[in-house]
Amino acid sequence: MNITAGKFKGQKVIAPDENITRPTLSKVRMSVFNTLQALIDFEGRSFLDMFAGSGIMGLEALSRGFSNIVSIEKNPKAYGVIKGNFSKFRPTPKLIRGDSLKITPKLGEKFDVIYIDPPYFSGVYEKSLVAVRDIATSVVILEHVIEVDFSGFEVLKQKNYGGKIITFLKKESKNE
């Protein structure tokens with residue numbers, strides 16, 4: 001697996017065992033960041049990857065100019081692979097081991113972009129959105145395969161990649 005664009009374009013990233021994670025395909029990563037680039041400027045922005053898997057989304061964000069990247073991963077084996085991947089890059093993204101749903105609300109910082117790609121059919125899509133509601137400042141990206149209740153968020157854009165849906169969201173204004 002390789003980083004698709006930016007200053008680290010072409011750099012190899014190791015993926016954990018397929019039984020543990022399912023890394024986002026390169027064409028989907030490219031599309032996610034191209035769409036995101038139309039919505040916000042990346043320079044100096046912050047990026048949170050709630051279910052890091054291989055860490056590739058955080059590294060794509062770093063490569064494209066995000067300055068503060070935080071990745072959270074619960075699985076010990078995946079965490080080890082991400083730690084190895086991150087050690088090859090400067091600045092090194094921050095990696096936290098644990099349950100995203102518990103850790104995210106306690107991070108004590110806000111993020112411009114939050115990427116949520118939990119294990120499919122885990123039943124945590126809505127819980128993830130609740131967990132980030134108070135720390136999301138700009139765009140929340142949700143990768144999902146089932147219908148999701150986006151209460152409290154407005155859909156900016158949605159793309160379907162053979163059953164995998166990428167939804168770009170922003171918090172609804174309190175005035176609405």
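**Reading the core**

Modeller: The largest nonpolar core has 29 residues, and Val32, Phe33, Leu36, Phe47, Phe66 and Ile141 touch the most other members. Such a core is a set of buried Ala, Val, Leu, Ile, Met, Phe, Trp, Tyr and Cys residues joined through side-chain atoms within 4.5 Å. Two or more residues each come from helix 1 (26-39), helix 2 (56-63), helix 3 (76-86), strand 4, strand 5 (136-144) and strand 7 (164-171). Helix 2 gives the most, five residues. Helices (H or I, at least four residues) and strands (E, at least two) are DSSP runs, numbered from the N terminus.

The model is predicted: local features need pLDDT of at least 70, side-chain atom pairs count only at pLDDT 80 or more, and totals for chains, interfaces and linings use all residues. Residues are numbered from 1 along each chain as its sequence is written, and side-chain values use heavy atoms, with hydrogens and water left out.

Colleague: Is Val113 buried or exposed, and why?

Modeller: In general, nonpolar side chains in soluble globular proteins tend to be buried together. Val113 counts as buried because its relative accessibility is 0%; buried means under 20% relative accessible area, exposed over 50%, partly exposed in between (1.4 Å probe, protein chains only). Val113 lies in strand 4, residues 111-116.

Colleague: Which residues does Val113 touch, not counting residues up to four places away in sequence?

Modeller: Contact means heavy atoms within 4.5 Å. On that basis Val113 touches Leu36, Ile40, Ser46, Phe47, Leu48, Phe66, Val139 and Ile141.
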